[in-house]
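Welcome! Take a look at the chain below, and then we will walk through its sheets, its core and a few of its residues together.

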Amino acid sequence: MLQLSPAAAREIERFQRTQSAPTALFRLGVQPGGCMGTMYTIGLEEVSSPGDRIYESEQIRIVVDAQSLPYVEGVLLDYSEDLMGGAFRFQNPRAIATCECGHSFVVADV
């Protein structure tokens, strides 16, 4: 299961409005990269693909592809702002190491 904080849901809704895509799915995934080897990806899509898993949290539909699912299962996605601006924050219970920015990580046994 994936969860969004209320702040993350508000930011996703704001992003959907600015992209003129109020019903778009929020895609969460991973790709190779970053200083730890794996990094998160996010975006909006109008339709899901075969094999995708769809979750709902805070009235936002979240779609994850089958290859990314083992890396993001159980993630809590938050959003916060500080003096440097706003950013999504990933709290991944499966991560055994993360980089300082929090967007690159390593999980065990995937």
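## Strands side by side

Let's begin with a pair of strands: E1 and strand E6 (residues 76-82) run parallel and are joined by two bridges. Glutamine 3 has leucine 76 of E6 as its bridge partner. What you see is a predicted model, in which local features need pLDDT of at least 70 and side-chain atom pairs count only at pLDDT 80 or more, while totals for chains, interfaces and linings use all residues. Residues are numbered from 1 along each chain as its sequence is written, and side-chain values use heavy atoms, with hydrogens and water left out.

Helices (H or I, at least four residues) and strands (E, at least two) are DSSP runs, numbered from the N terminus. Two strands pair if DSSP finds at least two bridges between them. Strands of a sheet pair through backbone hydrogen bonds, either parallel or antiparallel.

## An open sheet and its helix

In which order do the three strands of the open sheet come? The order is E1-E6-E7, with mixed pairing. Strand E1 (3-4) and strand E7 (85-91) are the edge strands, each pairing on one side only.

Helix H1 (residues 6-18) lies across E1, E6 and E7 and runs at about 80° to E6. For such angles, axes are lines fitted to C-alpha atoms, for helices over the stretch in contact, and angles run from 0 to 180 degrees between N-to-C directions.

## A hairpin and its partner

E2 and E3 pair in the antiparallel sense over eight bridges. They form a hairpin with five residues between them, and glycine 33 in the turn has a positive phi of about 145°.

In E3, threonine 38 is the bridge partner of proline 32, and the bridge partner of threonine 38 in E9 is phenylalanine 105. E3 and E9 pair in the antiparallel sense over two bridges.

## The nonpolar core

In soluble globular proteins, nonpolar side chains tend to be buried together. A nonpolar core is a set of buried Ala, Val, Leu, Ile, Met, Phe, Trp, Tyr and Cys residues joined through side-chain atoms within 4.5 Å. Buried means under 20% relative accessible area, exposed over 50%, and partly exposed in between (1.4 Å probe, protein chains only). The largest core here has 23 residues, of which Leu2, Leu28, Tyr40, Ile62, Val64 and Val72 touch the most other members. H1 gives the largest share, four residues.

Valine 72 sits in helix H2 and counts as buried because its relative accessibility is 0%. Leaving aside neighbours within four places in sequence, valine 72 is in contact (heavy atoms within 4.5 Å) with Leu2, Leu28, Val30, Tyr40 and Val64.

## A buried aspartate

Aspartate 52 lies in the loop between strand E3 (38-45) and strand E4 (53-57). Is aspartate 52 buried or exposed? Aspartate 52 counts as buried, because its relative accessibility is 17%. Its side chain reaches the backbone nitrogen of serine 49 at 2.7 Å.

How many disulfides does the structure hold? There are zero disulfides (pairs of cysteine sulfur atoms within 2.5 Å). For cysteine 35, the nearest cysteine sulfur is that of cysteine 99, 3.8 Å away. Cysteine 35 counts as exposed, at 61% relative accessibility, whereas cysteine 99 is buried, with a relative accessible area of 9%.

Methods: A polar contact is a pair of N or O atoms within 3.5 Å; within protein, one must be able to donate a hydrogen and the other to accept it, and residues adjacent in sequence count only if both atoms are side-chain atoms.
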